[in-house]
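This briefing describes the structure shown below.

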Amino acid sequence: MAEQQEQAAPDAMMTRIGQVVMLHHGGDREEARGRFLDLWGEIGEDGDPLHRCTLAHYLADTQDDPADELAWDLRALSAAEELTDGDAAARHRSLAARAFYPSLHLNLAADYVKLGRSEAARSHLRRARGAAGALGNDRYGDGVRAAIGRLELRLDGRGPSHGGPGEDPGSVEGPGTVERPGPFGGSGGETLGPPRQRP
């Protein structure tokens with residue numbers, strides 16, 4: 001009984017977002033973008049902040065234009081700022097809203113790198129590094145910290161000037177790195193909220 005009370009009730013919208021994430025990871029970017037936009041229409045600009053944060057975070061990955069990707073990542077950050085740790089924990093006992101910020105700021109830093117705005121990139125990278133203390137000592141946390149380090153090196157001129165084809169400069173996934181399952185994702189394909197895996 002107590003264990004049941006600790007588990008949050010299933011969230012149908014998060015399940016639907018997770019299904020589209022799987023479609024996107026399967027390689028159908030255009031279809032995923034269309035379905036994400038349909039879900040965004042259902043949620044609305046004033047909908048549940050966790051839903052908006054998660055959806056905008058993943059929707060950014062489906063954009064062709066770096067300026068559009070930035071716009072979606074900014075929406076994700078704005079929605080995250082409406083969340084509290086209690087809101088996140090109500091969905092899943094292991095979630096903490098503050099653990100979303102390293103990934104969100106890392107993605108914004110990567111967006112600004114793509115747009116040639118290095119000062120804005122550095123600003124968000126500092127925020128990602130400052131928020132990294134909220135990450136666990138696990139594969140996801142290690143992956144985010146490593147991606148922050150790689151992007152710091154790149155911005156300081158000590159790392160590769162660019163990744164491989166389609167590689168995001170702040171991406172957690174890549175050769176020798178890890179998949180980005182959480183704080184926004186859980187085990188077994190369960191989607192709890194935003195980390196991203198870029199195709």
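Helices (H or I, at least four residues) and strands (E, at least two) are DSSP runs, numbered from the N terminus. By that definition, the place of Phe100 is in the loop between helix H6 (85-91) and helix H7 (101-114). The model is a predicted one, in which local features need pLDDT of at least 70, side-chain atom pairs count only at pLDDT 80 or more, and totals for chains, interfaces and linings use all residues. Residues are numbered from 1 along each chain as its sequence is written, and side-chain values use heavy atoms, with hydrogens and water left out.

**Overall architecture**

- The protein contains nine helices and zero strands, and its elements run α-α-α-α-α-α-α-α-α from the N terminus on.
- Of its 199 residues, 48% count as buried; buried means under 20% relative accessible area, exposed over 50%, and partly exposed in between (1.4 Å probe, protein chains only).
- Among contacts (heavy atoms within 4.5 Å) with a separation of 6 or more, 61% join residues 24 or more positions apart.

**Confidence**

- The average pLDDT, the predictor's confidence in each residue from 0 to 100, is 77 for the protein, and 68% of the residues score at least 70.
- Residues 1-8 have a pLDDT below 50, and this stretch has five contacts in the model beyond near neighbours in sequence.
- Residues 163-167 also have a pLDDT below 50, with two contacts in the model beyond near neighbours in sequence.
- Where pLDDT is low, the predicted coordinates should not be read in detail.

**Packing of helix H2 against helix H4**

- The axes of H2 (residues 12-25) and H4 come within 10 Å and cross at roughly 5 degrees; axes are lines fitted to C-alpha atoms, for helices over the stretch in contact, and angles run from 0 to 180 degrees between N-to-C directions.
- This crossing makes H2 roughly parallel to H4, since angles under 35 degrees count as roughly parallel, over 145 as roughly antiparallel, 65 to 115 as roughly perpendicular and the rest as oblique.
- From H2, the residues making the contact are Met13, Met14, Ile17 and Val21, and from H4 they are Leu50, His51, Thr54, Leu55 and Tyr58.
- By class, the contact has seven nonpolar, two polar and no charged residues; Ala, Val, Leu, Ile, Met, Phe, Trp, Tyr, Cys and Pro count as nonpolar, Asp, Glu, Lys and Arg as charged, and the others, Gly among them, as polar.
- Met22 is placed in H2 and counts as exposed because its relative accessibility is 54%.
- Met22 and Ala32 are ten residues apart in sequence, with 8.8 Å between their C-alpha atoms.

- Thr62 counts as buried at 0% relative accessibility, and Gln63 counts as buried at 11%.
- The side chain of Thr62 reaches the backbone oxygen of Leu59 at 2.7 Å, and a polar atom of the Gln63 side chain lies 3.1 Å from the backbone oxygen of Leu59.
- These are polar contacts, defined as a pair of N or O atoms within 3.5 Å; within protein, one must be able to donate a hydrogen and the other to accept it, and residues adjacent in sequence count only if both atoms are side-chain atoms.
- Leaving aside neighbours within four places in sequence, Thr62 is in contact with His24, Arg29, Ala32, Arg33 and Phe36, while Gln63 is in contact with Arg29, Arg33, Asp68, Glu69 and Trp72.
- Thr62 and Arg29 are 33 residues apart in sequence, and their C-alpha atoms are 5.9 Å apart in space.

- Phe100 is buried, with a relative accessible area of 0%.
- Phe100 and Glu81 are 19 residues apart in sequence and 9.9 Å apart in space, C-alpha to C-alpha.
- Ala121 lies in helix H8 (residues 118-131) and counts as buried at 0% relative accessibility.
- Beyond its neighbours within four places in sequence, Ala121 is in contact with Ala109, Tyr112, Val113 and Leu155.
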